[in-house]
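Colleague: Please put the model up, and then take my questions on charged pairs and helix packing.

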Amino acid sequence: MFHSSSQKKYWTFTSEDEVEQMRYSANQKYRQKALESRKPGVSESMFLQRVEEDVLFRYYERRLLDFCNAFKPAMPKSVVGTAFMYFRRFYLNNSIMEYHPRIIMLTCAYLSCKVEEFNVSCAQFVGSLLQETPAGQERVLEQILEYELLLIQQLNFHLVVHNPYRPMEGLLIDLKTRYPTLENPESLRKSADDFLTQAAMTDAGLLFSPSQIALTAILNSASRAGLNMESYLTECLGLKEDKKTLSLMYDSMRRMKTLLKKYEIPKPEEVNVCKQKLERIHVEFSSSSNKRKRGHEDDGHVAKEPRLIEEDWTDEDLM
């Protein structure tokens, strides 16, 4: 149950400001550490600003969506949703400058397949990197396996993700059985599914419960179709006399819709500039800083040195 879950206790936050402050702190922490390295030529100007990190995060999040959508056999929605949540949680406390999102996004998808019991082999998984040679796919797999433990650690071993897809199915069943006013609830599915996909690419999953997201998706779909479902809330969900809960629900829905409206696909020219800065940072720092971070840091275990560095493959290899 969501209300007794680690997601509710540790990964649901009160406001967008709280979430942004965590990302800002991760950015500043990496900057400070890099400056303390006292490497020649290192200056504040070479680092990514928070807004630039956000451009790259949205870019690689869309690449993650492309990868999942193109995957064969087709990934269940729960696998995709869990991968997105892992990706978003990881970069709450880590900077893109420290861990390249290109490998983290694939590691999130790979771990999600395991946790959601989507049975694909390692060879099948990296086989989806169609632009890579078999040898290249093997090297990417080595990296994924090296980063898997780091990802699990940074998620605090909270691997179960409650997605809004199951609550949405429950709501559609409820509409069919208890709300005869709506003749064809299935007509709402396509638009509601699109809403959930858009919501997954915002902080909605860090701010609202899965059932809130699912209900907002259904009501938004109904509104787009010109249908008024207020009576479903007041009668079927029993909120007619509970004005406070109803008001809070509407407030959450407004906040969620605002999140989706604010979302912008990053512009290619912005992405290219930020990617160039990111690659320079990783060439300068990653070879010395990340080798020690892929194993058990707390108990003194050091992971083996990888036989592949991130720069050996590019974004074009993802599809």
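Predicted model: local features only at pLDDT ≥ 70, side-chain atom pairs only at ≥ 80, totals over all residues.

Modeller: Residues are numbered from 1 along each chain as its sequence is written, and side-chain values use heavy atoms, with hydrogens and water left out.

Colleague: How many residues apart in sequence are the parts that K262 and E16 tie together?

Modeller: The side chains of K262 and E16 form a salt bridge, 2.9 Å from N to O. K262 lies in helix α13 (residues 243-262) and E16 in helix α2 (residues 16-36), so the parts they tie together are separated in sequence by 246 residues. Helices here are DSSP runs (H or I, at least four residues), numbered from the N terminus.

Colleague: Is E52 buried or exposed?

Modeller: E52 pairs with K277 in a salt bridge, with the closest N and O atoms 3.1 Å apart. Buried means under 20% relative accessible area, exposed over 50%, and partly exposed in between (1.4 Å probe, protein chains only). E52 has 16% relative accessibility, so E52 counts as buried.

Colleague: At what angle do helix α3 and helix α5 pack?

Modeller: Helix α3 (residues 50-70) and helix α5 (residues 101-115) have axes 10 Å apart. Axes are lines fitted to C-alpha atoms over the stretch in contact, and angles run from 0 to 180 degrees between N-to-C directions. The packing angle is about 40°.

Notes. Helix = DSSP H or I, 4+ residues; strand = E, 2+ residues; numbered from the N terminus. Salt bridge = Lys/Arg side-chain N within 4 Å of Asp/Glu carboxyl O.
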